[in-house]
Amino acid sequence: MAAIRMSFEIVLCCFVALCGCSYGAEFVPVFMWESSKPTYLQITSPALKKYSTDDFADFFVNKLSSFGKKPLVLVFTEENLSVEDFSWQDVAENSAFPHLEGVTATAANVDFIPSVESPLRALRRLEKLGYQWETVRHPDKMKFPEHIGVVMVLKLEDARGDEDRPDYLRRHDSVISSVYSRAVSQVGNVVAVYTGRHSSWIEPENEPVVHRVRRLLVNPAPNATHMLLKTDNILIYASDKPLLNEAGDKKVLMLLPDTITNKTTATYQSLTAKFSTSTTNYIRLQFFFYNSTSSPGYWSLENITYMHGAGNTTVTVLRPESSIVAPVMFSYHCSSNTVFKAVNSSLTFENFQVQPYMEKPTTFGDAYNCELFFTPPIWSGLFVTSILALIMIWGLIMIMDIRTMDQFDDPKGKTITISVSE
Amino acid sequence: MRTKIASIYIGFFTILVTGIILFYLLTGRGEALSIAWFLEETSPYMWASTGIGLCVGLSVVGAAVGIYTTGASIIGGGVRAPRIKTKNLISVIFCEAVAIYGLITAIVLSGTTALEETEVTNELIHSRKMMAAYVTFGAGLCVGLVDLFCGLCVGSVGSGAAISDAANSSLFVKILIIEIFASAIGLFGLIVGVYMTSRI
């Protein structure tokens, strides 16, 4: 039983492989031209048909038989060729084969078949017709034979490391045209065939894809609008300049460069920076990050002290409206306005992200957001809804469990009578 | 069918809860899922209201199932022995008492619940408010669950009493004693609930 199954599976695999092979055959374009017109025959081919190997062999043999004596057949083979290579044009509308265009203007019987299955195999069959098959290694030094009736196959060389496809094709194009013109001058009738061994892929855009990486710590351009404060351990970012509101007087703070210092003690780390406003010279903001003693492993931004006044003596302590706490290795981020308040003043940051106690302040750690995903009202709703759903399901189950006494019910039978006994 | 519904409900919540917990755990934010945070942040009114609702709801469910069981038996037995109908109504009254316990507790608890400011201005007052809410929830849940099972019990016993009374009328008085014990359970729940509420 198992042996039968195994043999069946092997047969199935072979069948699938065979089908795959047939569909995996390569279809390459073939470009043919002749040096002189034969006396009578004009052969045309339909443009959009897929030629199988046999059909192409018949077509080519017909073409050659129209000559009186056997011509020289030059076969130029690329590794990869496709229709897109022929139709490619650069910005100035030049194609990848400038010389070939000139050649075909003077040649006879130019044929282009866009899709032929394994044309080289078809050309091999010419050997049976009495043609000699020769493989040419060096196109520069090739010698054309005395007698004709020879098929000379030139394998065009591979691409160099850094050239792109149009240049590569242009190189081959010049090789082809030089060989062909030498052949025509030395030998009378030449039939040239340009084809590929495999179909090529479609060339992507010539310019490479540019990945733009947002560099957090590039020195900001002079007219950048964000605020970034960085020291050895602390990273602070806001997407817009902070707004200081002192008793109704609103000021935008601009960071003065190279004024950032930090200080680390056992209980806190702090960052001090100087800002300039439109009215005053400079004010100092000091951010205090305490490592929490009540819950170790958490840091909190307790306050920002703001020093102003004559000689920077007046100190105002601004506390955050909602507490800014996150575990060490995580940053705190709030996309709505983060406000630090004192009695008369407030400092507002937009899109605020901050992280202290970093070993290497290159990028922020994962952010604890001020906007939670599951807020307390959502949790309450889920809790109450689950209770109600449970009750409803219990009720449903009870109703489904009602069994009516209809075992002996017979709608067509006579109704029972019960004698009342006291 | 009922197992399918129950398993869908349980399965859904299990997968949801597991997914949420695994996300928080594996991204290193395990401490963000904090039941203490949930209890502190949720509104105390949710807890109080849920307690009151569950109190009257669950006790009425218990009474209803009890009366259903007893009533069906009385009616069924009364077809063959109509003498039982007046005597066995006492089982129904015991079941009804259970519902009344729940109703009284709910009214008392509603009386203690008042709409007030929940902004945390004074820690002591806030903690007292939270305690009041949790006590209300606990008392309501206590009375509700106790009366639920008490009602079920009284109903089952009453049903047996009705059927046996229909068969042999001397059995009924002794069976009534069993029902009294069953009803006493409901009274325990009421006492505990009222005692908890007195501490608010």
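**Entry 1: the open sheet of chain A**

I began with the sheet in chain A, where 7 strands form an open sheet in the order 2-4-1-7-3-6-5, with mixed pairing. I looked up its edges next: strand 2 (50–51) and strand 5 (132–136) of chain A each have a single partner strand, so one side of each is left without a neighbour in the sheet. This is a predicted model, in which local features need pLDDT of at least 70, side-chain atom pairs count only at pLDDT 80 or more, and totals for chains, interfaces and linings use all residues. Residues are numbered from 1 along each chain as its sequence is written, chains are lettered from A and ligands numbered from 1 in the order in which they are written, and side-chain values use heavy atoms, with hydrogens and water left out.

I note the terms here. Two strands pair if DSSP finds at least two bridges between them. Helices (H or I, at least four residues) and strands (E, at least two) are DSSP runs, numbered from the N terminus.

Inside the sheet I checked strand 3 (residues 72–81) of chain A, which pairs with strand 7 (residues 190–199) of chain A in the parallel sense over 9 bridges. In this pair, L72(A) stands opposite V190(A) of strand 7.

**Entry 2: helices on the sheet**

Angles run from 0 to 180 degrees between N-to-C directions, with axes fitted to C-alpha atoms, for helices over the stretch in contact. Helix 6 (residues 165–186) of chain A lies across strand 1, strand 3, strand 6 (150–155) and strand 7 of chain A. Helix 6 of chain A runs at about 175 degrees to strand 3 of chain A.

**Entry 3: strands 14 to 16 of chain A**

I followed the chain to strand 14 (residues 268–276) of chain A, which pairs antiparallel with strand 15 (residues 283–291) of chain A over 8 bridges. S270(A) faces F288(A) of strand 15 there. Strand 15 of chain A is also joined by 8 bridges to strand 16 (residues 298–308) of chain A, again antiparallel, and F289(A) stands opposite L301(A) in strand 16. Strands 15 and 16 of chain A form a hairpin with 6 residues between them, and G297(A) in the turn has a positive phi of about 95 degrees.

**Entry 4: cysteines**

How many disulfides does the structure hold over all chains? I found 1 (a pair of cysteine sulfur atoms within 2.5 Å). C334(A) and C370(A) form it, with their sulfur atoms 2.0 Å apart. The link is right-handed, with 70 degrees about the S-S bond. C334(A) lies in strand 19 (residues 331–334) of chain A and C370(A) in the loop between strand 23 (367–369) and helix 7 (376–400) of chain A, so the pair ties together parts that are 36 residues apart in sequence.

For accessibility I used relative accessible area: buried is under 20%, exposed over 50% and partly exposed in between (1.4 Å probe, protein chains only). C334(A) is buried at 5%, whereas C370(A) is partly exposed at 29%.

In chain B, the sulfur of C95(B) is 7.9 Å from the closest cysteine sulfur, in C150(B), too far for a bond. C95(B) is buried at 0%. The sulfur of C150(B) has its closest cysteine sulfur in C153(B), 6.6 Å away and too far for a bond; C150(B) is buried at 1%.

**Entry 5: annotated spans of chain B**

I consulted the unreviewed UniProt entry, which lists "transmembrane region" for residues 7–26, 46–68, 89–111, 131–159 and 171–196 of chain B. UniProt positions are in the numbering used here, feature names are shortened, and annotations may be inferred rather than shown by experiment. Residues 46–68 of chain B are 100% helix and 0% strand, with end C-alpha atoms 32 Å apart. Residues 89–111 of chain B are likewise 100% helix and 0% strand, and their end C-alpha atoms are 33 Å apart.

Methods:
Contact = heavy atoms within 4.5 Å.
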